[in-house]
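Reader: I would like to go through the charged pairs in this structure step by step. Could we begin once the model is in view?

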Amino acid sequence: MGFAAPWYAAVGAVVAAGVVVLHLLARTRPPRRVFPTARFVPESRAAAPALSRRPTDVVLLLVRTAAVLAIACALARPMWNPATGARRIIAVTGWRAAAPGALRATADSLRRDDDIVLLVADTVARMDREASAPHRSVGRTTLATAVLAAREAARTESRTAREFTLTLIAPAVADVWDGATEAARVAWEGAIELVAVPARSLPRMPVAVAEPGPVADAYGLRETAGEDVAVRVVAAPLTAEDSAWAHGDGGVAVVWPQDAMVEDSVRRGVSADGVALVAPLMPTHTVAPGRPVAQWIDGDAAASERPLGAGCVREVGIGFPVEGDVVLRPAAQLLLRTLAAPCGGWPDLTPLTEAQQRVLRGRSGPMAAAGLAPPPPRRLPVSLGWLVLG
């Protein structure tokens with residue numbers, strides 16, 4: 001057995017020894033001596049402290065000593081399994097760029113009973129207590145978030161191991177690398193193993209139109225029956241069949257009202273994925289809350305998406321002109337591509353360079369837990385301590 005904070009145990013032992021010493025000090029009557037001037041001393045009982053070989057108030061002494069030692073042991077946090085050996089942290093990230101099911105299957109095949117498995121979703125990481133637990137993320141997940149989450153997990157579990165190793169499970173593509181990756185890599189003072197999983201394959205425009213309408217006719221969206229359709233444009237409201245398709249098959253149901261082609265419109269600006277389009281546009285309705293996909297020039301959401309099972313629902317509130325050459329503009333085609341993108345947007349599937357992978361691997365060897373600051377201990381209220389000792 002060991003202690004997470006052994007100094008508390010040492011201080012408790014010193015205080016307990018002081019309590020014993022105080023109980024050895026007894027106030028006894030000094031020996032009687034006759035002096036000629038004793039008649040000037042008033043008649044009263046005299047007492048003086050003296051060191052005794054036997055403590056006084058033995059029961060009170062035992063209670064005080066036991067209370068001091070119990071509080072010291074509680075603050076020292078005894079551990080029946082002190083930190084020994086090394087533990088591995090497995091961080092899973094890059095959900096929107098990975099092939100469907102590849103991350104979960106790889107994590108399940110590598111994990112051991114003592115591993116710490118982190119599922120990094122968007123900017124949040126959670127510990128995976130069950131290998132088969134469902135997981136869904138529609139946002140971009142990066143290596144920087146995974147490394148920082150792994151370091152925080154190592155700090156939290158620093159009392160259970162002397163050192164930690166880190167294994168990252170992600171597709172080796174540019175979508176998981178951002179400007180904070182190199183800075184986050186410095187925070188992990190050890191080697192990092194990257195287990196690369198296959199990246200997903202994305203067709204150019206996997207769109208099917210459930211019902212013909214002005215939007216489909218104006219922008220050339222046609223039924224693509226028989227193909228591997230990943231995006232389905234439907235009219236509001238969303239039907240049960242469309243919801244079941246997105247929920248189970250991981251598709252994107254784009255709710256785009258058929259009256260989105262408007263005649264009385266003014267020039268407005270809308271941006272999506274770094275592309276801006278200024279044209280005779282008009283908001284058709286207020287889209288439901290979710291992850292913004294496109295924004296009007298005033299900051300309001302022009303399109304949003306929310307997760308639905310294995311897929312997502314994307315709602316579009318952009319009214320396009322019935323006539324004109326807007327559809328022929330490159331910005332309009334890029335906007336349409338964004339509105340018909342997979343859940344979370346189009347990932348950058350460019351492979352990581354050798355220099356990036358070398359920076360990620362870093363130094364050799366595990367990271368020592370001694371350099372990690374442990375979580376702050378729980379403090380005993382001062383009033384409770386005085387109550388016990390009094």
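Reader: How many salt bridges does the count come to?
Author: The model is a predicted one, and a pair is counted when a side-chain nitrogen of Lys or Arg lies within 4 Å of a carboxyl oxygen of Asp or Glu. By this rule the salt bridges come to 9.

Reader: Which residue meets E157 in a salt bridge, and in which strand is that partner?
Author: The side chain of E157 meets that of R87, with 3.5 Å from N to O. E157 sits in the loop between α4 (143-156) and β8 (163-170), and the pair, 70 residues apart, links distant parts of the chain.

Reader: Is E305 buried or exposed, and is R291 buried or partly exposed?
Author: These two residues form a salt bridge in which the closest N and O atoms are 3.1 Å apart. The pair links distant parts of the chain, with E305 in strand β17 (residues 301-308) and R291 in strand β16 (residues 291-296), 14 residues apart. Since buried means under 20% relative accessible area, E305, at 1%, counts as buried, whereas R291, at 28%, counts as partly exposed.

Reader: How far apart are the closest N and O atoms in the salt bridge of R314 with E305?
Author: R314 and E305 are both buried. They form a salt bridge with each other, and the distance between their closest N and O atoms is 2.7 Å.

Methods. Residues numbered from 1 in each chain as written. Predicted model: local features only at pLDDT ≥ 70, side-chain atom pairs only at ≥ 80, totals over all residues. Heavy atoms only, no water. Helix = DSSP H or I, 4+ residues; strand = E, 2+ residues; numbered from the N terminus. Buried < 20%, exposed > 50% of the residue type's maximum accessible area, 1.4 Å probe, protein only.
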